[in-house]
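Work through the exercises below with the sequence and the model side by side. Try each task before reading its solution.

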Amino acid sequence: MKKIFLGIAVALLSCFSIYSQSSELITNIIKTERATCEQISYLPALYANKISEDDTEAKAFEILQNDGLFSSQLSASSEVTLSQACYVYAKALGVKGGLFYTLFPSPRYAFKEFKAKGLLPSQADPDMHLSGRDSLDLFNSCLEAAGGNE
């Protein structure tokens, strides 16, 4: 249990050191019990230089939705599932995948790829909802897998 909390703390600290955006935004994400589409959009859009630090989460969601990372049926306030978050992070961070993810990039295969890479626990469910803290931890893990911390 201590390892999990230590891992989350390290992930959050590395997110803080990588980006210098408003701490209020990160604090709001951390406090969220169920992350929304717009909340998980901000960091990947910022990392991909699609938005500036002064832009809002809503603008980040709109840009990523226009890029095809979110279904047009989803709204910014929709609760995000684990498979959706995996897909958004994989596409935005340029995570390389296996055969099926390369041929059929989708939330299903992004989720399976992250499980295969050990970024998700074996008992993870693709339809489970993420907390804000879990979404930041997943983003950090994806960033490391993509080689963004080099």
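**Exercise 1.** Leaving aside its neighbours within four places in sequence, which residues is L74 in contact with?

*Solution.* Start with the ground rules. This is a predicted model, in which local features need pLDDT of at least 70 and side-chain atom pairs count only at pLDDT 80 or more, while totals for chains, interfaces and linings use all residues. Residues are numbered from 1 along each chain as its sequence is written, and side-chain values use heavy atoms, with hydrogens and water left out.

Step 1. Find the place: L74 is in the loop between α4 and α5. Helices (H or I, at least four residues) and strands (E, at least two) are DSSP runs, numbered from the N terminus.

Step 2. List the partners. Contact means heavy atoms within 4.5 Å. By this rule L74 is in contact with C37, F61, Q65 and Q84.

Step 3. C37 and L74 are 37 residues apart along the chain, and their C-alpha atoms are separated by 8.0 Å.

**Exercise 2.** How many helices and how many strands does the secondary structure of the chain come to?

*Solution.* Step 1. Count the elements: there are 8 helices and 0 strands.

Step 1. Turn to burial. Buried means under 20% relative accessible area, exposed over 50%, and partly exposed in between (1.4 Å probe, protein chains only). Of the 150 residues of the chain, 43% count as buried.

Step 2. Consider contacts with a separation of 6 or more: residues 24 or more positions apart account for 59% of them.

**Exercise 3.** Why is α3 described as largely enclosed by the rest of the structure?

*Solution.* Step 1. Use the count: 9 of the 11 residues of α3 are buried, so this helix is largely enclosed.

Step 1. Name the buried residues. They are C37, Q39, I40, S41, Y42, L43, P44, A45 and L46.

Step 2. Find the cover. It includes α2 (23-31), α4, α5 and α8.

Step 3. Look just past the helix, where N49 takes a positive phi of about 60 degrees. Most residues other than glycine have a negative phi. N49 belongs to the loop between α3 and α4 and counts as exposed, at 68% relative accessibility.

**Exercise 4.** At what angle do α3 and α5 pack, and how far apart are their axes?

*Solution.* Step 1. Read off the geometry. Axes are lines fitted to C-alpha atoms, for helices over the stretch in contact, and angles run from 0 to 180 degrees between N-to-C directions. The angle between α3 and α5 (residues 82-93) is about 10 degrees, and their axes are 9 Å apart.

Step 1. Classify the angle. Angles under 35 degrees count as roughly parallel, over 145 as roughly antiparallel, 65 to 115 as roughly perpendicular and the rest as oblique. Therefore α3 is roughly parallel to α5.

Step 2. Name the residues in contact: I40, P44 and Y47 come from α3, and A85, V88, Y89, A92 and L93 come from α5.

Step 3. Sort them by class. Ala, Val, Leu, Ile, Met, Phe, Trp, Tyr, Cys and Pro count as nonpolar, Asp, Glu, Lys and Arg as charged, and the others, Gly among them, as polar. This contact has 8 nonpolar, no polar and no charged residues.

**Exercise 5.** Which residues of α3 and α8 make the contact between these helices?

*Solution.* Step 1. Begin with the axes of α3 (residues 37-47) and α8 (residues 132-146), which come within 10 Å and cross at roughly 25 degrees. The two helices are therefore roughly parallel to each other.

Step 1. List the residues. I40, L43, P44 and Y47 of α3 meet S135, L136, F139 and L143 of α8. By class there are 7 nonpolar, 1 polar and no charged residues.

**Exercise 6.** Is S83 buried or exposed?

*Solution.* Step 1. Locate S83 in helix α5.

Step 1. Apply the cut-off: with a relative accessible area of 10%, S83 is buried.

Step 2. List what S83 touches, not counting residues up to four places away in sequence: P107, F111 and P126.

Step 3. Repeat for T81, in the loop between α4 (57-66) and α5. T81 is buried, at 13% relative accessible area. With the same exclusion, T81 touches P126, D127, M128 and H129.
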